[in-house]
Amino acid sequence: MNKQKIKKLLIANRGEIACKIIQRAKKLNILTLAIYSDLDIDSLHTKLADEAIHIKGFLVSETYMNGNLIIQIAKKHKANAIHPGYGLLSENADFIENVEKNKLIFIGPNSNLVRNMGEKDKAKTLMEKAGLPVVPGYHGNKQEIKYLTNKANQVGYPLLVKARSGGGGRGMRIAENKNDFSIAFQEASNEAKTNFNDSNCILEKYIPKARHIEIQIFADKFGNVVHLFDRDCSLQRRQQKVIEEAPSPNLNNEIQHFLGELSVKAARAIKYLGAGTIEFIADIQNGIDKNKIYFMEMNTRIQVEHPVTEAITSTNLIDWQLKIANGEKLPVSQNDIKINGWAFEARLYAEDVNKNFLPQSGKIYHLKFPDTLNHPNCIVETGTKSGDNITPFYDPMIAKVIAHGNDRNAAIKHLINYLSEIEIAGITTNLDLLIKLLNNKNVKDGEVTTKFIEENIKFLINNEIDDRFKALVGVVIFKALKIISTNTLSDLYIWKPNVYPLKISMKEKEILYKIVCYSPNEIEIEFNKKIFLFSSIIINQSRIEAYLKGKNINLSFQSIKDINSGDQIFTFFTKQHTFEVINKSLLQSKENYINNLEDSIIAPMHGIVKIKKIKANSKVKKGDVLFILEAMKMEFSLTSPRDGIIERIFIIDGQQVSDKMKLLSLKK
Ligand code: ADP
């Protein structure tokens, strides 16, 4: 950097964006100072930075959003600049004002600009003045319900009530008709008060068939402003982005340039500085129409999805931010910025798609991103590694994967290939959904609205696993039982037939297998009345390969012992799915059997039990056959777990028993 003013940069953030800022700053010879909470002691960003300061506590309010303390740390450790990343303090005008008062360099626009753009009412008023079309509605000051009801009726229905200080899709309610309005307003304004400490709302015409299109802009202190074209962020859940792309699909050159120029005009009108995004909403009821695209809001910071713009314009936007804050000129002029190819970003979240995208927390015990050497068109931006915990206190995003291709189809293909090789175990993620979305015809055709995920959720979560894989799972678990015991195969079970029953739970459903082991590499699996004969089986700790009807089939997997239940939990990875399997067989191995059931015999499954010649107070020896269980058209011998004396028999001969029922106890 020229005449370097920024000597040492404090990064007031965590996760992937903190890591990226640290890496870019180092390239520009800026010293880096990370901060971290109690929960991030071992996080990647603390290791990458030149220095890292611990802030006690784990709540964001006491750590990453503790503005006063962060400024004190910067001064104490001689950092003269602060990069806020996105989220957290990045759009907090009071914090920025405080940074300015303390004569530190803030990487972003000044506090006045942030304050004006941070409130949707002020932003809309300013943008209207600058000549931008805004979504029809009411964005004045008055908040009396009578007045607003009148305004709402004028705007018409359906209508959106939006918290003026809102963000992240919160503080928004739809009023479908007149009768809904007062409840929608109350709910939105209450949510706004709780989340943003500001109950004021604006009203907007609700656009049912909408696309989210945004323009990346950059401005320096010399009055130069450029745009870096558009991104499409229509694939959303709960009004939050999931997959983004650049440029926007099915947008003609005329509209593309029109939006770019409009955004530059807006940035000039407010004398903007640094990186910013102008978000537009396009009403596509009758196809995309230049006259039906409206300004929605401006984000005065770097966005999560900025890498797709970097990919298609061959730029490095974090470097640009730092250079502009350093007082330098924009490195290029508008004419130099050209679109090259197409880029997609997928956000990998710890969330349960089946439970309305509920954020998940827990330990990621295995995380493997494919080597980008084998995927030269992809990059991963992440701050997460194997062994990290995803906590409920911070954003559940694990990583962003960005793919660049010569054209849209190529970019999608690269991204699918990459995602389908990611392995993540220990926590539920949206990975399957991302792959399913990218394979979807509407997504491939670029024909989606902001409601696409919501409207197609039933189809998108209907993610059946192929029976062949389900069968192969049986082989893995059967083999694993052998691995975890030092005993020979025949010793593993307390019954002796060469048809072994195995019960597992997969996606909350139980599967009962019958397994016939012809040889270590030839195993037959029967379940749901279907038979699969696997041959040439090769298995190691994380992968199985076999032949099924002359075709190669393989699965990768990881397994871990659950510390609470003692269950062995397996996570399997196919090209489309990640799924967990728990071995539910009670009598899974001698080892477990003895641990759990030293003094009793428990029915391993439903069936009919015949009692051998035994009665209470009989002496028995370890391994004696005490019952025969008839189940799944097979007979299993249930044997005594140890030498001892029978205390009680709980069933009568020929009784139907259920799974886990206690059949017999031995005296202590
Ligand atoms: P936030 O600041 O909470 O992110 P935005 O104003 O950026 O809120 O809107 C987030 C998303 O909500 C948009 O991407 C879009 O999907 C939806 N949305 C916003 N305004 C409208 C509208 N007037 N009609 C329909 N959908 C809208």
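Student: Okay, is Phe-572 buried or exposed?
Tutor: Phe-572 is buried, because its relative accessibility is 0%. Buried means under 20% relative accessible area, exposed means over 50%, and partly exposed is in between, using a 1.4 Å probe and protein chains only. Keep in mind that this is a predicted model, where local features need pLDDT of at least 70, side-chain atom pairs count only at pLDDT 80 or more, and totals for chains, interfaces and linings use all residues. Residues are numbered from 1 along each chain as its sequence is written, and side-chain values use heavy atoms, with hydrogens and water left out.

Student: Got it. How many aromatic pairs are there in the whole structure?
Tutor: A search finds twelve. Rings of Phe, Tyr and Trp (its six-membered ring) pair if their centres lie within 6.5 Å; planes under 30 degrees apart are stacked, over 60 edge-to-face, and the rest tilted.

Student: Why is the pair of Phe-557 and Phe-572 called tilted?
Tutor: Their planes are at 40 degrees, so the pair is tilted, and the ring centres are 5.8 Å apart. This pair links distant parts of the chain, 15 residues apart: Phe-557 is in strand S29 (residues 551-561) and Phe-572 in strand S30 (residues 568-573). Strands (E, at least two residues) and helices (H or I, at least four) are DSSP runs numbered from the N terminus.

Student: And what about Phe-570 and Phe-572?
Tutor: That pair is stacked, because the planes are at 20 degrees, with centres 6.1 Å apart. Phe-570 is buried at 3% relative accessible area, and Phe-557 is buried at 5%.

Student: Which residues form the aromatic cluster?
Tutor: Phe-557, Phe-570, Phe-572 and Phe-579 make up one cluster.

Student: Switching topic: what lies over the face of Tyr-349?
Tutor: Arg-237 does, at 4.5 Å from the ring centre. Likewise, the charged end of Lys-290 sits over the ring of Phe-258, 4.9 Å from its centre. The rule is NZ of Lys or CZ of Arg within 6 Å of the ring centre and within 35 degrees of the ring normal.

Student: Last one: where is Leu-59?
Tutor: Leu-59 lies in the loop between strand S3 (51-54) and helix H3 (67-76). With a relative accessible area of 37%, Leu-59 is partly exposed.
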